[in-house]
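User: Hi! Could you walk me through some strands in this one?

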Amino acid sequence: MAGILRLFFERVDDFAITTLDPDGIITSWNAGAEAITGYKAHEVVGKNFALFYPAEDCAEGKPQRVLQQAATLGRFEETGRRVDHNGGIFFVNVIISAVRDGEGRLLGFGSISRDVTDRLEATSRLRDNEARLQTLVDTVLETLIDGLIVINRRGTVQLYNRAAEQLFGFPADEVVGRNVKMLMPDDVAREHDEHLLTYQRTGVRRIIGVPRNVYGRRRDGSTIAIQIAVGEATHRGEPIYVGIIRDLTQHNRTEAQLRQAQKMEAVGQLTGGLAHDFNNLLMVILANIDGLLEEQLPASAMSKVKQIERSTTRGAELTRQLLAFSRRQPLQPHPTDLNELVSSLGRLLRRTLGADIAIKYRLAPVLERANVDRAQLEAALMNLCLNARDAMPAGGQLVIETEAVDIDEAYVRVTPEARVGPHIMVAVTDTGTGIPPELLDRIFEPFFTTKDASRGTGLGLSMVYGFIKQSNGHVRVASELGHGTTFRLYLPQTVAVEPAPETRSAPVGGRERILLVEDEQQVRARLVEQLVGLGYEVDERPDGEAGLAAFAAADPPYDLVLTDIVMPGSVSGRALADEAVRLRPGISVVLMSGYTEEVARHGLTHPRMHLLAKPFRKRDLARIVRQALDERKS
């Protein structure tokens, strides 16, 4: 069989196939290598392969590093510059693989290269066989890690390499000499026979030289997604077919994760917009509730107002959860010791989960801090722990662990939502019923739940997902039916300094002059009513353009600007605030919004800017306005 492969590769003149000894000395040289470089075999065999590297690469020791990496990792792959026989520079795609004996001793290296420069003139033969050559080149680069199978015209396997053994699970002695259809599901096997027979009778290519994505059959009966390209050669007057196989499992998984991330982002955009509009409605209701609570109402009427207040507060909580999912809730991140946070949360968990749930902790002995909103993280972990309790109705074990994790580029390639760098991981693991595989992609969708309608809204996990994403982290889930589920939360590590706690105590009202800019008329009317009730002098404007004009013309000047962030027109609330600070550096600004993505993205650009998240109560408005005005005087 080795003779068949040698014959096949020696006759291929479209890519270079060479072998090297452990020191990089060339030991074999095929026709393709001669065609690409211009060197004949007798000119290079016995010389070091560094001959083909530019002088500056040789001076930097690149050829030696290439062999060292191939020997250490098993292979080296790159697109790089090389020098031909005439001293010209050309570019190649190259893979160099280490060759070892049965005891692991290094015997040398195999190299496969393809010229990818534009200077090679395409011939009619190359045009006729472009699909076949592309398939061979693309998949040969993956041969040693995926699979190589050679069959004769009857489909009998002649060669089945070690990588194919790992891919399909069949040892070579169970495959060689049998028909290749044993590695195919029934439908793929029938199609394969038809295409091969058609090609042998008519010359019409459907599987020869054309890469196809199909499924292979493993020894345990499971299927595996693969890409296969078949090349043809002749041995002793008989055709043989070389199948080069690429495992698509990880590729397909990454594509699925990317599609899921895009779907979640689209849903987040929608829910964030809805929550913004709903917050404005809640603002009007809450403002009227505050007004009614200040009046002397009969007991029966006051009871009804209290009921409305409770329902509205519940609506505000649902909106907060929607904003958490869409990553538009206002956060207050601080450097946080997650070991300390988990330990303090444990006291509450013991009372909440019940005696039939055993709680264990596996905390990293040394852990840097994560820059995170402590209250939101506590809520997220409590949510996961309550879900774990519900998944263990007969009791079980809950494990909370922390770990320092350094995420590298290889991890990011298979986890698109992750970021490179040091992270702190918090994991919550239960021994419950597990999550069915068909539901794993949906568990973070808002309002999706497997619980009874009376036991939740379906926003808990979506809140966790959105909060972690907004904190520049990501979430991974692993679950097995009947064994349990693990949620892993990854948060970027930080070395930020904890800010000093705020100790200022502000009075409720005042006499200062305030410019109020809010596009929602009912919200604006209620805010004017509340601010005037607190003693302030208020001018109102319906949009950023009018607000900016009023600010510039004001005499006497305003003491504070209170503006919504998201407004129609060419001047947003942020633009108005920035221009007000530019015109009067001493002005204080309070930004209002139920859709605080812009603030989260850009931050508060001035030390006297404050954020007031909708919906808010009159007491919150009074506190923030008074605080901002007092800072202006200090």
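**Strand pairing**

Analyst: Happy to: in β10, P239 is the bridge partner of T234. This is a predicted model, where local features need pLDDT of at least 70, side-chain atom pairs count only at pLDDT 80 or more, and totals for chains, interfaces and linings use all residues. Residues are numbered from 1 along each chain as its sequence is written, and side-chain values use heavy atoms, leaving out hydrogens and water.

User: How many bridges do β9 and β10 pair over?

Analyst: Ten, in the antiparallel sense, between β9 (residues 223–235) and β10 (residues 238–247). Strands (E, at least two residues) and helices (H or I, at least four) are DSSP runs numbered from the N terminus, and two strands pair if DSSP finds at least two bridges between them.

User: Which helix packs on the sheet?

Analyst: Helix α9 (residues 186–202), which touches β6 (147–152), β8, β9 and β10; contact means heavy atoms within 4.5 Å.

User: Switching topic: is β18 mostly covered or open?

Analyst: Mostly covered: five of the five residues in β18 (residues 513–517) are buried, meaning under 20% relative accessible area with a 1.4 Å probe, protein chains only. R513, L515 and V517 lie on one side, with I514 and L516 on the other.

User: Which residues are the bridge partners of L516?

Analyst: In β19, the partner of L516 is E540; in β20, L516 has L562 as its partner.

User: And the strands themselves, parallel or antiparallel?

Analyst: β18 runs parallel to β19 (residues 537–541), joined by five bridges. With β20 (residues 560–564), β18 pairs in the parallel sense over four bridges.

How values were computed. Buried means under 20% relative accessible area, exposed over 50%, partly exposed in between (1.4 Å probe, protein chains only). Axes are lines fitted to C-alpha atoms, for helices over the stretch in contact, and angles run from 0 to 180 degrees between N-to-C directions.
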